[in-house]
Amino acid sequence: MTDLTPFPITKKWPAQDPSVLQLYSFPTPNGVKVSIALEEMSIPYEAHKVTLSDADVKSPEFLSLNPNNKIPAIVDPNGPDGTTVGLFESGAILIYLAEKSGKFIGATATEKAQTLQWLMFQMGGLGPMLGQLGFFYKFAGSEWEDKRPQDRYINEAKRLLGVLERELAGKDWITGNYSIADMAIAPWLRALDFYGAKDVLGWDDHKNLVAYLDRFTARPAVQTGLVTPPRD
């Protein structure tokens, strides 16, 4: 039987089946990237709900796996060379899972490079900028009298949507083939509805993006991954 006791996180979130990958997450744009990937890749896993409260993400057990106190994180008892692997950072986890499964990262070195290029676009640009947009447009920052920060992130979000809109012209997916880059990008586009920011960003004018997100959310694995683990 697989022994996960070297990972203190399993004390707070015990594994029912320690022989399968353990996912510690919550259905945020970053969180669902990994559950969607696991569903798409048909990798057996067990999901544990880690809320965004300090009691969870700043608990000693969670910090033992991710010192940066952010979801998602994983423990894979079936890692390389027979080892058990603990990982955090959604982009790193997506790359790990794609290489583990041999899926959704590109069939050639060139395709892999292009996939990683767009994954990094999401990790370094789209995600952080839309996250700031949410803070300044929907959450606490929206109450600030100085609207320059809000305007800055609205304009940057518009620019990034324009980049994606142009790139998707004539393509179903960001590199042509469905990949972990799409699993990273599309959940953040869905967040615009939650932020109530679609109108201010002119979302409906981005016809390629609208169709892209519809294709993405229609996938059965995506529909399951978006609610795993459930909020309630």
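Predicted model: local features only at pLDDT ≥ 70, side-chain atom pairs only at ≥ 80, totals over all residues.
Local features need pLDDT of at least 70, side-chain atom pairs count only at pLDDT 80 or more, and totals for chains, interfaces and linings use all residues. Residues are numbered from 1 along each chain as its sequence is written, and side-chain values use heavy atoms, with hydrogens and water left out.

**Aromatic pairs**

The structure holds 14 aromatic pairs. Rings of Phe, Tyr and Trp (its six-membered ring) pair if their centres lie within 6.5 Å; planes under 30 degrees apart are stacked, over 60 edge-to-face, the rest tilted. Two of the pairs are tabulated.

| Pair | Centre distance | Plane angle | Class |
|---|---|---|---|
| W118 and F121 | 5.0 Å | 65 degrees | edge-to-face |
| Y178 and F216 | 6.5 Å | 50 degrees | tilted |

W118 and F121 sit three residues apart in helix α6. Helices are DSSP runs (H or I, at least four residues), numbered from the N terminus. W118 is buried at 10% relative accessibility, and F121 at 17%. Buried means under 20% relative accessible area, exposed over 50%, partly exposed in between (1.4 Å probe, protein chains only).

Y178 and F216 are both buried. The charged end of R219 sits over the ring of Y178, 3.7 Å from its centre. That contact requires NZ of Lys or CZ of Arg within 6 Å of the ring centre and within 35 degrees of the ring normal.

**Helix α2**

Helix α2 covers residues 29-41. Of its 13 residues, 10 are buried, so α2 is largely enclosed by the rest of the structure. Among them are V32, I36 and L38. S42 follows α2, with a positive phi near 55 degrees.

Terms used. Helix = DSSP H or I, 4+ residues; strand = E, 2+ residues; numbered from the N terminus. Expected span 1.5 Å × (residues − 1).
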